[in-house]
Amino acid sequence: MPTTTIDGHEIHVNEEGFLTDPTEWSEPLAKSLAAQIGIELTDEHWQAIRFLREDFAKEGETPTLRRISVVGGIPTKTLFQLFPQKPAKKLAYVAGLPKPHGCV
Amino acid sequence: MTATETQPVVPSFGTTQTDRTLAIICSKGNLDMAYPALILANAALGEGVETHVFFTFWGFDMINKKTMGDLKFTMLGNTATHMPQGLGGLPGMTAMATHQLKKSIADLGVPEVPEFLQQIVDSGGHLWACRMSADMNHLTMDDLYDEVEDIISASDFIEKTEGAQLLFI
């Protein structure tokens with residue numbers, strides 16, 4: 001498994017660059033990961049990221065956009081504004097989690 | 001094996017604006033034929049692909065306020081259920097099959113048709129109604145789901161989706 005260093009954080013990643021060990025994640029790391037994909041984190045971003053972390057800890061899998069809006073209470077429109085183009089994958093990346101597997 | 005990269009490994013989320021466009025034509029009003037379009041439209045939008053959905057003929061049932069929440073699934077003519085075809089014609093069988101399918105879909109956390117359309121619109125998708133279907137059924141924008149942008153002709157749709165990848169369901 002390759003490692004990569006982002007802003008001084010050494011992390012294990014898969015071939016695409018997603019973290020493979022969610023325990024290596026930290027809030028400062030999230031800021032660095034977000035910066036890599038051109039996103040500056042606001043409180044709204046953090047609300048979504050924290051939901052992802054909590055839900056993953058409980059369910060063992062990354063929530064889909066549908067779950068983030070229905071269970072996490074963050075509207076779909078907001079998610080597309082916060083993490084443009086590919087919100088589910090970008091959000092999973094910044095939260096240090098695998099890409100969601102669910103279709104909807 | 002451990003390899004330390006000198007350049008940070010960061011996922012490629014594509015260019016900021018993909019030029020890919022997907023056009024989906026929905027021509028069926030059965031519950032089981034509504035979902036493939038909805039799921040694919042939703043998936044495409046989640047990947048940053050501009051998506052247009054055109055409802056025509058029986059597909060109008062998906063956006064007609066009177067029918068959109070009440071699409072049905074029948075075993076009749078569908079050998080993929082692997083049940084004797086005669087069973088499908090018994091009274092109450094379509095209602096039962098519909099109930100079962102709706103339950104399986106809900107168990108996966110997948111929304112019903114009206115809510116799914118809303119999710120598609122919230123994700124930036126565009127919904128269009130077919131002019132000829134509207135005229136045939138004497139329906140106007142008032143009869144259609146509020147998020148449908150307009151009733152347009154087939155040629156308007158073809159024009160709007162120039163260069164798009166197209167899916168006919």
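Modeller: Let us begin with a term. A residue is called buried if 20 or more other C-beta atoms lie within 10 Å of its own, exposed if 12 or fewer, and partly exposed in between. Please bear in mind that this is a predicted model.

Colleague: Which residues are buried in H4(B)?

Modeller: The buried residues in H4(B) are Val113(B), Phe116(B), Leu117(B), Gln119(B), Ile120(B) and Val121(B).

Colleague: Against what do the buried residues of H4(B) pack?

Modeller: Their partners belong to both chains: helix H3 (65-70) and H4 of chain A, together with H1 and strand S3 (126-130) of chain B. Just after H4(B) comes Gly124(B), with a positive phi of about 100°.

Colleague: How should I read the packing of two helices, and at what angle do the axes of H1 and H4 of chain B cross?

Modeller: One compares the directions of the two axes, and an angle under 35 degrees counts as roughly parallel. In chain B, the axes of helix H1 (residues 31-46) and helix H4 (residues 113-122) come within 10 Å and cross at roughly 25°. H1(B) is therefore roughly parallel to H4(B). The crossing of the two is left-handed.

Colleague: Which residues of H1(B) and H4(B) meet?

Modeller: From H1(B) come Ala34(B), Leu38(B), Ala41(B), Asn42(B) and Leu45(B), and from H4(B) come Val113(B), Phe116(B), Gln119(B) and Ile120(B). Sorted by class, this contact has 7 nonpolar, 2 polar and no charged residues.

Colleague: How many helices and strands does chain B have, and how is the chain as a whole to be described?

Modeller: Chain B has 6 helices and 5 strands, in the order β-α-β-α-α-α-β-α-β-α-β along the sequence. Its radius of gyration is 19 Å, well over the 15 Å that the globule rule gives for 169 residues, so chain B is more spread out than a compact globule. The C-alpha trace of chain B spans about 70 × 45 × 25 Å along its principal axes. Of the 169 residues in chain B, 31% are buried. Among contacts in chain B with a separation of 6 or more, 72% join residues 24 or more positions apart.

Colleague: What are the corresponding values for chain A?

Modeller: Chain A has 5 helices and 2 strands, and its elements run β-β-α-α-α-α-α from the N terminus on. Its radius of gyration is 13 Å, which agrees with the value near 13 Å for a compact globule of 104 residues. The C-alpha trace of chain A spans about 35 × 25 × 20 Å along its principal axes. Buried residues make up 33% of the 104 residues in chain A.

Colleague: How many residues are in contact between chain B and chain A?

Modeller: The contact involves 22 residues of chain B and 27 residues of chain A. H1 and H4 of chain B each supply at least two residues of the side that touches chain A, and H1(B) gives the most, with 4 residues. By class, that side of chain B has 9 nonpolar, 10 polar and 3 charged residues.

Colleague: Finally, what should I look for in the backbone angles?

Modeller: Most residues other than glycine have a negative phi. Asp7(A), although not a glycine, has a positive phi of about 55°. Asp7(A) lies in the loop between strand S1 (3-6) and strand S2 (9-12) of chain A, and counts as exposed because it has 12 C-beta neighbours inside 10 Å.

Colleague: Where is Gln85(A) found?

Modeller: Gln85(A) is in the loop between helix H4 (76-82) and helix H5 (87-94) of chain A. Gln85(A) is not a glycine, yet has a positive phi of about 70°. With 19 C-beta neighbours inside 10 Å, Gln85(A) counts as partly exposed.

Technical notes
Residues are numbered from 1 along each chain as its sequence is written. Chains are lettered from A and ligands numbered from 1 in the order in which they are written. This is a predicted model: local features need pLDDT of at least 70, side-chain atom pairs count only at pLDDT 80 or more; totals for chains, interfaces and linings use all residues. The radius of gyration is taken over C-alpha atoms; the globule rule is 2.2 Å times the number of residues to the power 0.38. Two residues are in contact if their C-beta atoms, placed from the backbone, lie within 7 Å. Axes are lines fitted to C-alpha atoms, for helices over the stretch in contact, and angles run from 0 to 180 degrees between N-to-C directions. Angles under 35 degrees count as roughly parallel, over 145 as roughly antiparallel, 65 to 115 as roughly perpendicular and the rest as oblique. A crossing is left-handed if the near helix is turned anticlockwise from the far one by less than a right angle, and right-handed if clockwise. Ala, Val, Leu, Ile, Met, Phe, Trp, Tyr, Cys and Pro count as nonpolar, Asp, Glu, Lys and Arg as charged, and the others, Gly among them, as polar.
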